[in-house]
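Have a look at the model first, and then read on.

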2 protein chains.
Amino acid sequence: MNMIEIARGKETSATRAAYLLVRDMILTGALPAGEKIKIEALRKRLDMGASPVREALSLLTSDMLVERIDQRGFRAAPASHANFAEILKLRCALEDMALRQSIERATPEWEERLVLAHHHMNRAKESATFEDAHKAFHRALLDNAASPMMERYCSQLYDLNIRYRNLAASEKTYQRRDISTEHAEIFEAAVQRDADKASTALLSHYRLTGDYLAKQLAGLQG
Amino acid sequence: MNMIEIARGKETSATRAAYLLVRDMILTGALPAGEKIKIEALRKRLDMGASPVREALSLLTSDMLVERIDQRGFRAAPASHANFAEILKLRCALEDMALRQSIERATPEWEERLVLAHHHMNRAKESATFEDAHKAFHRALLDNAASPMMERYCSQLYDLNIRYRNLAASEKTYQRRDISTEHAEIFEAAVQRDADKASTALLSHYRLTGDYLAKQLAGLQG
DNA sequence: ATGTCAATAAATATCGATATTTTTGAAAGG
DNA sequence: CCTTTCAAAAATATCGATATTTATTGACAT
């Protein structure tokens, strides 16, 4: 049973299966940035009708992973240095706000969720589930802001950033910096409910990663 | 010839026509907040197949004007005080950033665009085109930030706010405050390239309008 | 009355075929 | 040699019909 059948089996609707699969294809670069997405080819590859594919692509527009051009179909969102810089800037602004709001509303329950998310991430080091655990940790940090729109924006920006990480990873070098120390710093500050310290640590984490990635992305136009 | 035919004639694709029409229906309240949107009914009303309607609704999901629930269709995004407060907060944060960036990059060309936008808005006072001119003025303020994602977010949030204004307008009272003075203040500060002053004026404009609307929206849950 | 269950009705999701539009590529003209 | 033009090919957009899923109703038991 291949990935497509698994996704179709698990997910209730063909549209949702297509959404998740295409999303993954764009994030991993299987559908390269800026490239035209041909409905017919995708339709066959995913083994479903054109309607759910089109609908999935329309939904991916929300996430700024797909661009829709009236009467001439869809394309994977282009990647550029300028776009990457914009994502970094917006992330810093929004996550600063979300994290402060999260800490402001801190409860023992949130603290426990955070402890677990951090633990799971450390546990998953080097494993295939690390990416998921990492995302879950970052999500848990902001969760408590109880601000659905902000969460949505942050989640979208996280994914867009992952895409650039994957783009950079296809270049030769690998991350050297000790990420887990940075995560621990953010985590400790959040648990201590020190918003300034936590935010500073989080933003510095993003900016360091950003600088690092920007260097790897030298082959990008824009 | 009715509105639908006009929209279909002007717009190249049925999907785009549906997108604009349904968007308008939600912003004006013709499709009430939180209400289920039945494909078949819309399909007949817009006189087109189900596919473009579904696709338009999927696109409106980007704008947070429509919610999609797998296997049980679409609904107009619910409205609540909490949601309204969130929109206001995000607008303030993002537009502050965008306006400062816009002013930082100020050029004579931008200044001229701003002058015109402000003039058109004043000219359109009391006219049916005021809403468009008002939106154009606010857009022009942020335009020069040259940050497509930020512009998109700001534009989305502007529309979401308009929806609440329309919701409030259906209540009895009307705006008393002198809006044009506030606009003039923002405008003058921007032209003087005083970012702090401009941002303060803009945010105060939003917060005053926000407070005013919040009072009108007493009939809302949440 | 109240809750459950099955049968029915309604609505969504999806398919396959067709109409429209854009793209391609080769021939003609400057 | 470069542009323009037009027909063929390819791709998108849309429709109408059908399969699936969810919601409703009313009979029946508690």
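This is a predicted model: local features need pLDDT of at least 70, side-chain atom pairs count only at pLDDT 80 or more; totals for chains, interfaces and linings use all residues.

Residues are numbered from 1 along each chain as its sequence is written, chains are lettered from A and ligands numbered from 1 in the order in which they are written, and side-chain values use heavy atoms, with hydrogens and water left out.

**The DNA side.** There are 20 residues around DNA strand C, and Ala14(A), Thr15(A), Gly49(A), Arg54(B) and Gln71(B) come nearest. Being near here takes a heavy atom within 4 Å of the strand. Of the atoms of DNA strand C that come within 4 Å of the protein, 84% belong to sugar and phosphate. Sorted by class, this surface has six nonpolar, seven polar and seven charged residues. Nonpolar covers Ala, Val, Leu, Ile, Met, Phe, Trp, Tyr, Cys and Pro, charged covers Asp, Glu, Lys and Arg, and the others, Gly among them, are polar.

Here are some distances to phosphate oxygens of DNA strand C:

| Residue | Atom on the protein side | Distance |
|---|---|---|
| Lys36(B) | polar side-chain atom | 3.1 Å |
| Ile39(B) | backbone N or O atom | 3.4 Å |
| Gln71(B) | backbone N or O atom | 2.9 Å |

**A sheet in chain B.** Three strands make an open antiparallel sheet in the order S1-S3-S2. Strands are DSSP runs of E with at least two residues, and helices are runs of H or I with at least four, numbered from the N terminus. Two strands pair if DSSP finds at least two bridges between them. Strand S1 (36–37) and strand S2 (66–68) sit at the edges, each pairing on one side only. S2(B) and strand S3 (residues 74–76) share three bridges, and Arg68(B) has Phe74(B) as its bridge partner in S3(B).

**Positive phi.** Most residues other than glycine have a negative phi. Met64(B), in the loop between helix H4 (50–62) and S2 of chain B, has phi near 60°. Arg193(B) also has phi near 60°, and lies in the loop between helix H9 (179–191) and helix H10 (195–216) of chain B. Met64(B) is buried at 14% relative accessibility, while Arg193(B) is partly exposed at 38%. Buried means under 20% relative accessible area, exposed over 50%, and partly exposed in between (1.4 Å probe, protein chains only).

**A buried histidine.** His134(A) lies in helix H7 (residues 130–143) of chain A and is buried, at 4% relative accessibility. Not counting residues up to four places away in sequence, His134(A) touches Met121(A), Tyr158(A), Arg165(A), His183(A) and His205(A), where contact means heavy atoms within 4.5 Å.

Key: A polar contact is a pair of N or O atoms within 3.5 Å; within protein, one must be able to donate a hydrogen and the other to accept it, and residues adjacent in sequence count only if both atoms are side-chain atoms.
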